[in-house]
Amino acid sequence: MKKKYILSLDGGGVRTIATITFLQKLENHLGVPLADKFDFFIGTSAGAISSLGLAVNKMSAVDLMEIWSKENLNRTMTNSSWETHLGIMQINPKYTNEGKREVLEEFFGEKKIGDAVKPVVVTSYDIEKRIPVLLSSYGDPNMSVVDAGDATSAAPVYYPTAEVGDRYLIDGGIVANHPVLHGYVEAKKIYPSAEFVVLSVGTGLNKRSLKGKDSMKWGLIGWMLHDLFGLMIESSMDHELAEELIGKKYLRVNSSLGRVNRRLDDNSDSNIERVVAMGESWWELFGEQALDLLSE
């Protein structure tokens with residue numbers, strides 16, 4: 001039975017830099033481009049954009065980091081009018097999507113998802129139909145990479161909903177921030193007789209404890225102030241299910257955030273340094289296991 005290799009990348013805003021830091025070390029030690037080593041790519045939000053870079057542009061992990069350079073992060077975080085209500089609740093999305101689309105256009109131009117050299121899937125969510133959406137190179141070959149990248153990363157609160165054709169799509173993290181199970185199921189459709197080896201790389205987990213008794217009194221504002229969105233996208237259950245389904249041919253690379261800011265958009269130099277350090281620590285923790293897994 002022929003082996004097929006799946007790479008799954010989580011969403012996480014600027015914390016995706018930790019993911020790419022790990023992938024750079026992995027690619028360097030493998031001595032083979034990730035675009036050649038893996039047979040199937042899936043990602044959510046920032047991880048989806050990196051997956052598109054690998055599958056469509058055959059970018060190296062080093063080249064991927066250019067998408068998330070300080071200059072490009074600043075461009076993708078172009079502030080909207082950032083209106084407030086009652087001094088605390090914002091009315092508009094924090095950022096426009098204009099800068100984000102400009103960055104995507106610079107890297108992908110007019111390419112379609114169907115131009116991918118390997119199957120690639122990015123997650124999103126249709127807010128009118130209230131259903132999760134998988135945008136793929138084989139299911140949506142004529143969709144532009146820019147539209148797909150915009151849709152999968154349209155995180156509520158941070159960015160406006162993406163209008164793609166007649167659909168209104170938001171960040172796939174709403175339903176699958178850790179998209180490994182979706183990738184596994186989709187890959188089985190394409191390679192029904194294959195044996196799968198799966199590497200899943202996260203963006204850190206917020207493990208800060210919340211006060212249970214206090215939470216009994218929280219309304220909308222209370223929950224928003226205590227990271228409601230972060231709670232929604234945590235993915236430990238997906239990891240546990242993947243371990244059960246895939247077994248020893250599956251490796252999850254992730255950790256608690258530690259000193260990394262839980263916010264998805266903290267691109268300060270000090271926080272980015274901590275994000276990079278987190279990715280480097282993952283190589284120390286998981287690098288040998290990843291090499292063993294992928295050498296089979």
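Which element gives the most to the lining of the largest cavity? The answer is α6, with three residues. This is a predicted model, in which local features need pLDDT of at least 70 and side-chain atom pairs count only at pLDDT 80 or more, while totals for chains, interfaces and linings use all residues. Residues are numbered from 1 along each chain as its sequence is written, and side-chain values use heavy atoms, leaving out hydrogens and water.

**Cavities**
- Two cavities of 30 Å³ or more are present in the structure, a cavity being a set of points on a 1 Å grid over the protein atoms alone where a 1.4 Å probe fits but cannot get out.
- The largest cavity has a volume of about 280 Å³.
- Its lining (residues with an atom within 4 Å of a point) is formed by 21 residues, of which Gly13, Trp68, Lys100, Ser153 and Tyr159 lie nearest the centre.
- Two or more residues of this lining come from each of α3, α5 (70-76) and α6 (98-108).

**Packing of α3 and α7**
- Helix α3 (residues 46-57) and helix α7 (residues 145-152) have axes that come within 9 Å and cross at roughly 155°, with axes fitted to C-alpha atoms over the stretch in contact and angles running from 0 to 180 degrees between N-to-C directions.
- The crossing therefore makes α3 roughly antiparallel to α7 (angles over 145 degrees count as such).
- Ala48, Ile49, Leu52 and Val56 of α3 meet Val145, Gly149 and Thr152 of α7, where contact means heavy atoms within 4.5 Å.

Technical notes. Helix = DSSP H or I, 4+ residues; strand = E, 2+ residues; numbered from the N terminus. Parallel < 35°, antiparallel > 145°, perpendicular 65-115°, else oblique. 1 Å grid on protein atoms, 1.4 Å probe; cavity = no way out; pocket = protein on both sides within 12 Å on 5 of 7 lines; lining within 4 Å. Points joined across faces, edges and corners; volume = space filled by probe spheres on them.
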